[in-house]
Amino acid sequence: MNKKPVVVGIGELLWDMLPAGKRAGGAPINFVYHATQLGAEGYAVSAVGNDALGEEILHELDKAGIRHCISVLPYPTGHVQVRLKDGIPDYTIVEGVAWDHIPLTQACLDLVSRADCVCYGSLALRHPDSRKTVEALLEAAPQHALRFFDINLRQHYYSKELVEKLLAKANVFKFNDDEINVLRDMFHLSGGDDEVCRHFLDRFHMRYVIFTAGDKFSAIYSPQETSRLDTPKVTVADTVGAGDSFSGAFVYNILTGKSLKEAHEAAVKTSAFVCTKSGAWPAYH
């Protein structure tokens with residue numbers, strides 16, 4: 001029997017403070033949640049505060065079957081105020097929290113050195129402490145591993161310099177229909193969405209470029225082929241974590257030997273399911 005793929009999310013672990021109450025979240029850890037539910041050996045690399053919210057979120061990870069390499073620090077556990085308008089979230093991200101100061105530990109380096117996929121975004125690099133750690137961990141990832149950069153642009157916590165640096169470390173790049181416009185301006189690109197996607201595929205020698213256009217469609221590009229699928233129509237509770245669930249399902253299916261098309265179909269189906277539930281970590285059973 002093949003071993004389970006080892007999937008690691010590095011970055012923000014936080015509480016999404018939703019109108020209906022708080023839910024565990026943070027993009028790279030959402031990604032791991034979904035890969036774990038589907039059968040991966042999933043790990044979270046982050047930091048929490050020495051407080052009740054930190055204890056509670058570690059309990060949530062354990063309950064979800066997510067293993068972790070998480071430091072407890074003298075900063076508050078991260079949280080985000082989420083306002084929903086027609087199910088679409090608007091985030092206000094609190095600064096000066098534990099995941100801004102993720103330390104580089106030998107345990108985390110050892111973990112990443114056996115990963116089949118490492119997922120990261122731009123947000124966790126807003127502070128120099130976590131930036132240094134994330135960059136060092138990406139260097140430790142094996143050559144064969146997927147290095148999945150979900151750009152995840154939030155508020156003002158990014159720059160062209162940072163995005164270019166993270167692209168250079170990636171072999172999978174994911175962005176959505178809002179982010180593509182920022183990228184177009186940032187890199188002075190003309191042409192349609194398709195051309196922009198192919199630009200990143202070619203220029204940065206990606207294995208995959210993933211473009212999600214909300215309730216319209218999604219497209220996945222590899223050097224050999226392209227898959228485009230319409231987004232299923234569902235009754236949306238909220239879209240918190242929908243993109244991360246897409247990513248987690250895609251990666252799990254690719255790592256377990258599915259074709260690009262099959263992995264894309266699984267990603268679309270998983271993301272549609274998550275949209276029908278509240279929060280980023282709905283129960284699968």
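Contact here means heavy atoms within 4.5 Å. In this predicted model, Phe 173 touches Phe 149, Ile 151, Leu 167, Leu 183, Phe 200, Met 206, Tyr 208, Val 209 and Ile 210, with residues up to four places away in sequence not counted. Phe 173 belongs to strand E10, which spans residues 172–176. Its relative accessibility is 0%, so Phe 173 counts as buried. Between Phe 173 and Ala 124 there are 49 residues of sequence separation and a C-alpha to C-alpha distance of 16 Å.

The largest nonpolar core comprises 58 residues, and Phe 173, Phe 175 and Phe 200 have the most contacts inside it.

## Lys 174 in strand E10

Strand E10 also contains Lys 174. The relative accessible area of Lys 174 is 5%; because buried means under 20%, Lys 174 is classed as buried. Apart from neighbours within four places in sequence, Lys 174 is in contact with Phe 148, Phe 149, Asp 150, Ile 151, Ile 210, Thr 212, Gly 243, Phe 246 and Ser 247.

## Packing of helices H4 and H5

Two packed helices are described by the angle between their axes and the distance between the axes. For helix H4 (residues 128–140) and helix H5 (residues 160–169), the axes come within 10 Å and cross at roughly 20°. Angles under 35 degrees count as roughly parallel, and H4 is therefore roughly parallel to H5. The crossing of H4 past H5 is left-handed.

On the H4 side, the contact is made by Arg 131, Glu 135, Leu 138 and Glu 139; H5 contributes Leu 162, Lys 165 and Lys 169. By residue class, the contact of H4 with H5 consists of two nonpolar and five charged residues, with no polar ones.

## Positive phi values at two histidines

His 188 has a phi near 55°, a positive value in a residue other than glycine. Its place is the loop between helix H6 (179–186) and helix H7 (193–203). With a relative accessible area of 69%, His 188 is exposed.

A positive phi is also found at His 205, where the value is near 50°. His 205 lies in the loop that runs between H7 and strand E11 (208–213). At 67% relative accessibility, this histidine, His 205, counts as exposed.

Notes: Residues are numbered from 1 along each chain as its sequence is written. This is a predicted model: local features need pLDDT of at least 70, side-chain atom pairs count only at pLDDT 80 or more; totals for chains, interfaces and linings use all residues. Side-chain values use heavy atoms; hydrogens and water are left out. Axes are lines fitted to C-alpha atoms, for helices over the stretch in contact, and angles run from 0 to 180 degrees between N-to-C directions. Helices (H or I, at least four residues) and strands (E, at least two) are DSSP runs, numbered from the N terminus. Angles under 35 degrees count as roughly parallel, over 145 as roughly antiparallel, 65 to 115 as roughly perpendicular and the rest as oblique. A crossing is left-handed if the near helix is turned anticlockwise from the far one by less than a right angle, and right-handed if clockwise. Ala, Val, Leu, Ile, Met, Phe, Trp, Tyr, Cys and Pro count as nonpolar, Asp, Glu, Lys and Arg as charged, and the others, Gly among them, as polar. A nonpolar core is a set of buried Ala, Val, Leu, Ile, Met, Phe, Trp, Tyr and Cys residues joined through side-chain atoms within 4.5 Å. Buried means under 20% relative accessible area, exposed over 50%, partly exposed in between (1.4 Å probe, protein chains only).
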